[in-house]
Amino acid sequence: MTTPTPDDPHPAVPYGTPDAPRIAVRGEARLEVDPEIARIGVTVASRGKDRRTALDDLTRRNTTTLDLIKTYGEAVEHLETGAFSISPELKDKGRGERIHAYHGRVHITAELTDFTALGELTTRLADLELTRVDGPWWALRPDSPAYRKARQQAVKEAVQRAREYADALGTTLAALVELADIGAEDAQPYPPAPGARMRSMAYGAPVAEDTAAALDLEPQRQRVYAAVNARFTMAPPQL
């Protein structure tokens, strides 16, 4: 509780006063936008009777995979290598720890911005030996304009809602007292919109005639949400 002082004869009251009533509202905005990036995960594997054979084979396949991805140039915005492993496979039967074979794995992540190249690259990667492809995962960039637009719309809705309440009382808003961001934006997958089909086309390195047809992928619409709490003072209404 605030105690009045000589320098502050009219202390602030959280819920307003008859001379300066307050109104509290919530503003929200929900946008549905096209994704800006798509991520795919590629796992390259190898198997050999001895450790060196498995390692050499994994190195060769990893180089082949990276070289293929890099042929797509600027369509690939980010490329990185993650976990790497070489592990022995023990025989089920027999005495002692006898090694049957060695298995190698390396994980690669690629981030693409050109979706016309995505379907073709995904298919070509999946056509490689002992290669697994996961994804795509659709997303917006952290600094996407969609987030700013959602925040602005949430504020506008809060102001509009407050004005409607004030108008119902036959008065007008006087001043903004507080504006609080109560929710963080988060891109969520949304069902593909009609007409969002992508056409796959040849891109990057030449494609062999016996290569599998490129996947026709549908980008998932992204949902962006923003919410604010706002408090205003109003001119005293005539009740």
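# Close-up views of a predicted chain

**View 1. Helix α2 is mostly covered.** Of its 12 residues, 10 are buried, where buried means under 20% relative accessible area, exposed over 50% and partly exposed in between (1.4 Å probe, protein chains only). This is a predicted model, in which local features need pLDDT of at least 70, side-chain atom pairs count only at pLDDT 80 or more, and totals for chains, interfaces and linings use all residues. Residues are numbered from 1 along each chain as its sequence is written, and side-chain values use heavy atoms, with hydrogens and water left out. The buried set in α2 is F115, A117, L118, G119, E120, L121, T122, T123, R124 and L125. Cover for these residues includes β2, α1, β4 and β5. Helices (H or I, at least four residues) and strands (E, at least two) are DSSP runs, numbered from the N terminus. The 12 residues of α2 should span 16 Å at 1.5 Å a residue, and the 17 Å between its end C-alpha atoms agrees. The expected span is 1.5 Å times one less than the number of residues.

**View 2. Helix α1 buries one face.** α1 covers residues 51-70. Its 20 residues reach 28 Å from first C-alpha to last, close to the 28 Å expected. Buried here are A54, D57, L58, R61, N62, T65, L66, L68 and I69. They line one face of the helix, because they fall within an arc of 165 degrees seen down the axis of α1. The arc is that of the directions from the helix axis to the C-beta atoms. On the face turned away from the buried side sit the exposed residues R52 and K70. The buried residues are covered by elements including β2 (37-48), β3 (76-90), β4 (99-112) and α2 (115-126). At the N-terminal end, D50 caps α1: a side-chain oxygen lies 3.1 Å from the backbone nitrogen of R52.

**View 3. D57 lies in helix α1.** D57 is buried, at 13% relative accessible area. Its side chain makes a polar contact with the side chain of R60 at 2.3 Å. A polar contact is a pair of N or O atoms within 3.5 Å; within protein, one must be able to donate a hydrogen and the other to accept it, and residues adjacent in sequence count only if both atoms are side-chain atoms. Beyond neighbours within four places in sequence, D57 is in contact with S46 and R47 (contact: heavy atoms within 4.5 Å).

**View 4. L128 sits in the loop between α2 and β5 (131-139).** L128 is partly exposed, with a relative accessible area of 25%. Leaving aside neighbours within four places in sequence, L128 is in contact with T65 and L68. L128 and V44 are 84 residues apart in sequence, yet 8.9 Å apart in space, C-alpha to C-alpha.

**View 5. The largest nonpolar core has 22 residues.** I40, I69, Y72, L112, L118, L121 and L125 touch the most other members. β2, α1, β4 and α2 each supply at least two residues of this core. α2 gives the most, with five. Apart from this core lies another, of 19 residues, among them I23, A146, A166 and M234. A nonpolar core is a set of buried Ala, Val, Leu, Ile, Met, Phe, Trp, Tyr and Cys residues joined through side-chain atoms within 4.5 Å.
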